[in-house]
Amino acid sequence: MKLVGFFNKDGGTFRTTDMEAYEKRAEATFREAGHDFEAIVFSGKEIVPAMERAARRDDIDGIVAGGGDGTISAAASIAWKNGVALGVIPAGTMNLFARSLKVPLDIWQALDTLAFGEVDHVDIASANGRPFIHQFSAGLHARMVRYRNSFSYRSRLGKMRASVRAAFGVILNPPEFEVDFEAAGVHERRRVSAVSVSNNPFGANALLYADSLTSGELGFYTANPLKPLGVARLAVDLLRGKVRENADVMIMHPAEVHLHFPKLRAKANCVMDGELLPLERDVFIKLHREELKVLVKQGLASQMEEAERREPAAWL
């Protein structure tokens, strides 16, 4: 394959990495595997336009993106729109998409996995036409991100500390709002503290990422109006990977969701793949089954297909 590597030097692990050495290792590893490969190091502001330009070329089979979840989300959107393959180097804080793809979290090991791997097709979702690989959310999560963004931090550890402070702020001041939803033949209005729609249902893990990206289903979650104690209980269940056991959480697994916010505040926000954005009054979320081409470990696609046992669509 003809591949181009884009490494965000401002992202997480790369900030403390000898990027010249990493660039040389990446080129040597992919070329050893038989690929035509060129690696380029960019700053955070430069990397997305560079990936967009490369993906539009008719002589490129794929892009390999290294950085945090924001960089990877942007790369996935670009790869999907241009029909090229995506390789993920997990250099961020959470690396949620890489975890779902079973890519090693060590940035050096990831090079070997991708270079000697294979192309698989996984699901990607969109909200009002804007693609996302992890999650769309409103309410608790959006408020926490807004609080976190109000704090200053310069490192991965600083970001984690800011997230903890923001989480405590949300526990003490949880939101409450109305949402109309239509999903899997159900049309209902609810008063909630949180709405979340994920690209494939979350697995039983504390970081809330999908164990599989090929189920053909969204994960649709709402949380009843919560007081501080209820938010604290939900946070504990999330950390334990036991969110399905929380009585305040409704779960559905549709392929499409239409959300309507009848009393939308002027400055209301949502979060898409970690990015805080204005919340629209109507949001149509759709799963695009197996439309994103990705590089994965050799043999992983067949192993996942054999092991996967899809649960029937349900809501609790």
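Contact here means heavy atoms within 4.5 Å. Keep that in mind as you click around this predicted model.

**Stop one: Thr71**

Select Thr71, which lies in helix H3. Skip its neighbours within four places in sequence, and Thr71 is in contact with Asn8, Ile47, Met51 and Gly66. Show the side chains of Thr71 and Asn8 and you'll find a polar contact of 3.1 Å joining them. Is Thr71 buried or exposed? Its relative accessible area is 8%, and the cut-off for buried is under 20%, so Thr71 counts as buried.

**Stop two: helices H2 and H3**

Now widen the selection to residues 44-55, helix H2, and residues 69-82, helix H3. Two packed helices are described by the angle between their axes and the distance between the axes. For H2 and H3, the angle is about 20 degrees and the axes are 10 Å apart. Angles under 35 degrees count as roughly parallel, so that is how H2 and H3 run relative to each other. Turn the view and you can follow H2 as it passes H3 in a right-handed crossing.

To see what makes the contact, pick Ile47, Val48, Met51, Glu52 and Ala55 on the H2 side, then Thr71, Ala74, Ala75, Ile78 and Asn82 on the H3 side. Colour them by class and you get 7 nonpolar, 2 polar and 1 charged residues. Thr71 from the previous stop is one of the H3 residues here.

**Stop three: helix H5**

Next, jump to residues 107-115, helix H5. Begin at the N-terminal end, which Asp106 caps: one of its side-chain oxygens lies 2.9 Å from the backbone nitrogen of Trp108. Then select Ile107, Ala110, Leu111, Thr113, Leu114 and Ala115, which are buried. What do the buried residues of H5 pack against? Bring up helix H1 (19-32), strand S3 (62-67), strand S4 (85-90) and S16 to see their partners.

**Stop four: Asp282**

Select Asp282, in strand S16 (residues 282-296). At 35% relative accessibility, Asp282 is partly exposed. Leave out residues up to four places away in sequence, and Asp282 touches Asn128, His258, Leu259 and His260.

Zoom in on the two histidines. The side chain of Asp282 makes a polar contact of 3.2 Å with that of His258, and another of 2.9 Å with the side chain of His260.

Before you leave, select Lys267 as well: Lys267 and Asp282 are 15 residues apart along the chain, and their C-alpha atoms are separated by 15 Å.

Methods
Residues are numbered from 1 along each chain as its sequence is written. This is a predicted model: local features need pLDDT of at least 70, side-chain atom pairs count only at pLDDT 80 or more; totals for chains, interfaces and linings use all residues. Side-chain values use heavy atoms; hydrogens and water are left out. Axes are lines fitted to C-alpha atoms, for helices over the stretch in contact, and angles run from 0 to 180 degrees between N-to-C directions. Helices (H or I, at least four residues) and strands (E, at least two) are DSSP runs, numbered from the N terminus. Angles under 35 degrees count as roughly parallel, over 145 as roughly antiparallel, 65 to 115 as roughly perpendicular and the rest as oblique. A crossing is left-handed if the near helix is turned anticlockwise from the far one by less than a right angle, and right-handed if clockwise. Ala, Val, Leu, Ile, Met, Phe, Trp, Tyr, Cys and Pro count as nonpolar, Asp, Glu, Lys and Arg as charged, and the others, Gly among them, as polar. Buried means under 20% relative accessible area, exposed over 50%, partly exposed in between (1.4 Å probe, protein chains only). A polar contact is a pair of N or O atoms within 3.5 Å; within protein, one must be able to donate a hydrogen and the other to accept it, and residues adjacent in sequence count only if both atoms are side-chain atoms.
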